[in-house]
Amino acid sequence: MSVSNVASNKTTLYIGAGLGVTMIAGGLSYLYYKYLKRDVMPLKWRRVGELSQINIFPVKSCGPLELSDKDNVYCDILGLSNQGVRDRALMLINDNNEMITARIYPKMVLIRIEIIGDAKLRITFKDMEPLELDFSKLIEEAPGKDVHTSVWGTKIDAMLCGEKYDNWFSRCILQKDSGLRLVYYPYPKPVRSTNARMVKEPFIRQEDSGTFGDATSYMLMNLASVDDLKVKMAKHVDPLQFRGNFHLRMDRDEPYAEDKWQWIRIGEDAVFRIVAPCTRCIFPNINVKTGERDPDGDPLKTLKSYRMFKNYASPALGIHLGLRRAGLIKKNDVVYVEDNTA
């Protein structure tokens with residue numbers, strides 16, 4: 001073999017080895033970013049405002065609990081909970097096991113729910129007899145049957161609560177004795193796959209799916225953004241129409257500042273990763289006081305005029321959060337975001 005051929009072979013080996021090292025390094029860098037770097041919590045935080053309201057919706061699409069300023073609310077991987085009552089741990093389905101929401105039955109938002117003891121709820125609607133539900137006894141008193149259902153196409157099995165609950169909600173919503181069934185979330189952790197429209201978001205995890213929420217366990221509304229929307233609409237809109245868990249009152253008037261944040265801390269302990277914008281459907285068009293839809297199609301119509309995001313077919317307002325550190329929170333807690341200043 002000639003000297004030139006030997007040299008050529010060595011060069012090829014060196015180049016091949018170099019490419020191999022580069023590919024390995026690139027792969028390790030990708031894995032580091034995907035599984036470690038993306039969720040490294042900030043070392044520095046800056047205050048942006050206060051938590052003006054916390055919303056727990058025990059039954060999907062129904063009214064929120066009324067919490068006092070002193071109520072400590074726990075944030076864990078499944079979502080918010082207070083006195084044993086968890087956010088969106090209950091959901092209504094029809095006889096075909098399909099999810100039922102206020103998008104079809106807007107009066108659902110008028111169903112009121114209050115805590116009357118540890119893990120015990122009192123549910124009311126207009127002139128109907130109140131319904132009581134004890135979370136702590138659901139497992140022992142429920143029929144123990146599971147059903148195959150889904151939340152926006154993402155499959156999940158749920159447990160039936162029992163005939164007395166089915167009858168009450170059927171009379172309440174359908175004005176007949178049957179047709180709806182109440183189910184509860186029986187798992188100790190999130191089991192649903194990530195919502196299909198969000199799978200390409202780089203920071204979302206499967207466990208961010210939570211219980212029966214549309215996409216994630218937590219969603220925050222910046223009230224400055226809602227106020228700006230009101231101006232553009234030239235009409236009133238209640239922040240509750242957007243079904244957010246957290247209402248943030250900013251220290252400064254900064255609408256849509258949340259679009260640029262990556263991390264949020266509430267109080268001293270609870271830390272969240274911003275995982276996606278919250279896209280909107282017709283639900284926010286429902287007046288939470290009357291259960292009627294806006295005749296002009298607002299706020300969805302107005303949002304479509306200026307809040308369309310790339311890769312999403314619907315306008316966005318609010319942000320989806322994934323919990324990265326559990327903790328207790330309460331109303332008026334300080335809200336922080338990552339501090340990127342040097």
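## Ground rules

Residues are numbered from 1 along each chain as its sequence is written, and side-chain values use heavy atoms, without hydrogens or water. Because the model is predicted, local features need pLDDT of at least 70 and side-chain atom pairs count only at pLDDT 80 or more, while totals for chains, interfaces and linings use all residues.

## The whole chain

The chain has 5 helices and 19 strands. Both are DSSP runs, numbered from the N terminus: helices are H or I with at least four residues, strands are E with at least two. Of its 342 residues, 52% count as buried. Buried means under 20% relative accessible area, exposed means over 50%, and partly exposed lies in between (1.4 Å probe, protein chains only).

Now the contacts (heavy atoms within 4.5 Å). Take those with a separation of 6 or more: 72% of them join residues 24 or more positions apart. The chain exposes about 17000 Å², and carbon and sulfur atoms supply 53% of that area. Accessible areas come from the Shrake-Rupley method with a 1.4 Å probe.

Look at strand β10, residues 146–151. Its side chains alternate. V147, T149 and V151 point to one face and are buried.

β10 runs antiparallel to strand β11 (residues 154–160), and 6 bridges join them. Strands pair if DSSP finds at least two bridges between them. V151 has T154 in β11 as its bridge partner. The hairpin has 2 residues between the strands, and W152 takes a positive phi near 50 degrees.

## Aromatic rings

The whole structure holds 7 aromatic pairs. Rings of Phe, Tyr and Trp (its six-membered ring) pair if their centres lie within 6.5 Å; planes under 30 degrees apart count as stacked, over 60 as edge-to-face and the rest as tilted. The rings of Y185 and F212 have centres 5.6 Å apart and planes at 80 degrees, so this pair is edge-to-face. Both residues lie in the loop between β12 (180–184) and β13 (218–222), so the pair ties together parts that are 27 residues apart in sequence. Y185 is buried at 9% relative accessible area, and F212 is buried at 0%. Y185, Y187 and F212 form one aromatic cluster.

Y256 and Y306 also pair edge-to-face, with 6.0 Å centre to centre and 75 degrees between the planes. Y256 lies in the loop between β14 (246–250) and β15 (263–266), and Y306 in the loop between α5 (300–304) and β17 (316–325), so the pair ties together parts 50 residues apart in sequence. Y256 is buried at 16%, whereas Y306 is partly exposed at 26%.

## Charges over rings

The charged end of K232 sits over the ring of Y306, 4.9 Å from its centre. The charged end of R273 sits over the ring of F203, 3.8 Å from its centre. Here NZ of Lys or CZ of Arg must be within 6 Å of the ring centre and within 35 degrees of the ring normal.

## Helix α4

Helix α4 spans residues 223–233. Its buried residues are L223, A224, S225, V226, D228, L229 and M233. Their cover includes β1 (45–54), β13, β14, α5 and β17.

N222 caps the N-terminal end of α4. A side-chain oxygen of N222 lies 2.9 Å from the backbone nitrogen of A224. After α4 comes A234, with a positive phi near 60 degrees.

Conventions: A polar contact is a pair of N or O atoms within 3.5 Å; within protein, one must be able to donate a hydrogen and the other to accept it, and residues adjacent in sequence count only if both atoms are side-chain atoms.
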